[in-house]
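Student: I would like a close look at one part of a protein, with some background around it. Could you walk me through it?

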Amino acid sequence: MQHFGLNSIRSRLVFWRCRTCNAAPSVILKEWLLSDIVSGVSTGLVAVLQGLAYSLLASLPPWYGLFTAFFPVIVYFFLGTSRHISVGAFPVLSLMVGAVVTRLVPDEGPPVNITGFEGLTIDEQRVMVAASVTFLMGIMQLAMGLLQVGFIVMYLSDTLVSGFTTAAAVHILVSQLKFVLGLVVPGLSGPLSIVYKIFVQIEKTNVCDLVTSILIMVVVFIVKEINDRYKAKLPVPIPIEVIMTVIACGVSYAFNFRVNYKVDVVGRIPSPMGPNMQIFGQTAVEAFPMAIVGFAVAFSVAKVYSVKHDYIIDGNQELIAFGASNIIGAAFKSFAASTALSRSAVQESTGGKTQIAGLLSALIVMVVTLAIGFLLEPLPKSVLGAVVIVNLKGMLMQIREVPYLWRRDRPDCVVWVVTCLASILLGLDLGLAVGLGIELLTVVFRAQFPRCSVLANITGTDIYKDRKDYMSIYEPEGVKIFRIPSPIFFANIDFFRGKLVEAVGFNPLRVLRKRNKALRTIRKLLKKGELQMTSALKELIRVEVEVYIVACDAYILKKLHSCMFFDDEVKSSMFFLTLHDAMLHILEKHPVDSENTKVSDKIKSKSLCFPQVSEPETKF
């Protein structure tokens, strides 16, 4: 780790040359800087609103989301490797933080007995819990980055993440209903808490909150659809969330929603503070899946943009960057940071070229926090809840993947459905564990029960495919080409043997037993003089099945030689480089009848077109 963050810092402080051109640094500065300024301002406005909104998911006062949109962004600017992701609050991660917060500091009843809670209000206690679990999450991410275990994200497939985030979207939707309806609903964690949240106290709905939320959701949804439809013609997306938030603030202040209609509003900006180390032991179990989910989502989004814009990201450096971002952010009372796809899409679509856009968005957040934040104090929380719900469309619509997955790959479909249902019914942490377990079981299932097939030659070519998929094929009499697309090991050897016997059409062990029994009977009859030897009974004695193995890895061959696998009966000449080489050898050793000679000649003449594929010299 002697190069800790060095390359990343250098990439931020110096405008590097374009990979696809030889443009001078001055040209890059002129073109990229202007784009980054536009992108930074646009992303900053969205980050302010989402920071306020996603704080509600974490069961925290709204202003703490602004701290999450500022401190982690600054750290990532120096250490991250992605040029396009927007660092800050992520709804799924915020909801996981909220589950920890409400468990230790519930809405009803006393909090967990922690010395650091003495003399603090319920909001201050919750902020301390959120900052502490974020600090521990950052330590875990930093440790994984230093230990170079970024590959761990490979075990979270796109299917699993899709099912998990869809379930999280359901949780988020339900959690925001209490703000949209203006209800005071206890924050519950555990099985079936969603059902309770939906139906409890529904008759006490605040009509002002409900009407405001519906109006906000309808307008924002329509304008977002317009943004999507005409994104090629619009220079920047219409910041409808920001516009509606400003309007809602003005209306709320003018009609005094808080006093006249009992509407819950954002309120005053708090001061940042540090985490409490005593909470670590209470939150370690939840911090680890948060660290994994936060990194997995951020890395997935970063990978999409790195491929699109042709540059490389480093998974281990990303772990280090997010670990440091969360550690430093938690010191100032921000909660868990990752990235949100919608916010990153704004940063990229508005022309962002580097993380300078992210730095400028953080400056916008700082200006709002220190200079004009008081103007947002009358903002109703129901407006923030409505904005969150509208932005869930992308995650909720992932359910459309299920029919496609069922047609493409049923084990993947099972992973999606089980992960989603488990995350909804058992909670996000247990649901993620269940989904990961099911995914690993499907890996074992694929290895233990692979899709075996019998191949045949496509007439007139040297190509061999599954005979079930083609009509014009050639199968030499007495030859079976069996393919298993998985390594053979102890768990699938019985399955392999059964499928091989099924493909061949007889059980070699039974044939061997019957042959030996027949030989014993023949010897007895010969000994008694009741039977005379003929050439056809000689043929019975000579009955054998020849086995050839093709495209075997050189490492496996080396192992077989070192284990003294070969002897007088099992020879190394049974191995061939390609399937076509083996077929040529078989056809030469066992000529086919006159009807199929033309096909055989086609195979042989076809092989002459590929001089690099030569027939082996070793023969049985």
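Where does UniProt place the feature "transmembrane region"? Then please look closely at strand β3.

Tutor: This is a predicted model, where local features need pLDDT of at least 70, side-chain atom pairs count only at pLDDT 80 or more, and totals for chains, interfaces and linings use all residues. Residues are numbered from 1 along each chain as its sequence is written, and side-chain values use heavy atoms, with hydrogens and water left out.

Your first question comes from a record. The unreviewed UniProt entry places "transmembrane region" at residues 37–57, 63–80, 179–200, 207–226, 238–259, 279–299, 356–376 and 414–438. Its positions are in the numbering used here, feature names are shortened, and annotations may be inferred rather than shown by experiment. Take two of these spans. Residues 63–80 are 78% helix and 0% strand, with end C-alpha atoms 25 Å apart. Residues 238–259 are 86% helix and 0% strand, and their end C-alpha atoms lie 32 Å apart.

Now the whole protein. It has 26 helices and eight strands; these are DSSP runs numbered from the N terminus, helices being H or I with at least four residues and strands E with at least two. Of its 620 residues, 46% are buried (buried is under 20% relative accessible area, exposed over 50%, partly exposed in between, with a 1.4 Å probe and protein chains only). Contacts tell you about the fold too. Among those with a separation of 6 or more, 78% join residues 24 or more positions apart (a contact is heavy atoms within 4.5 Å).

Here is your close look. Strand β3 covers residues 453–458, and six of its six residues are buried, so the strand is largely enclosed by the rest of the structure. Two strands pair if DSSP finds at least two bridges between them. Start with β6, residues 481–483. Ile 458 sits opposite Ile 473 of β5.

Follow the chain past β6. Asn 492 lies in the loop between β6 and α21. Its relative accessible area is 0%, so Asn 492 is buried. Leaving aside neighbours within four places in sequence, Asn 492 contacts Ala 447, Gln 448, Ser 486 and Pro 487. After α21 comes Gly 505, with a positive phi near 100 degrees.

Next, the nonpolar cores. A core is a set of buried Ala, Val, Leu, Ile, Met, Phe, Trp, Tyr and Cys residues joined through side-chain atoms within 4.5 Å. The largest has 105 residues, and Val 92 and Val 97 touch the most other members. Helix α12, residues 280–309, gives this core its largest share, 14 residues. Apart from that core lies another, of ten residues, among them Leu 455, Tyr 548, Leu 579 and Ile 586.

Finish with the rings. The structure holds 14 aromatic pairs. Rings of Phe, Tyr and Trp (its six-membered ring) pair if their centres lie within 6.5 Å; planes under 30 degrees apart are stacked, over 60 edge-to-face, and the rest tilted. Phe 257 and Tyr 261 are edge-to-face, 5.5 Å centre to centre with 85 degrees between the planes. Phe 257 is buried at a relative accessible area of 10%, whereas Tyr 261 is partly exposed at 41%. Phe 566 and Phe 575 are edge-to-face as well, 5.8 Å centre to centre and 85 degrees between the planes. Both of these Phe residues are buried. Ring pairs also link Tyr 64, Phe 67, Phe 70, Phe 71 and Phe 332 into a cluster.
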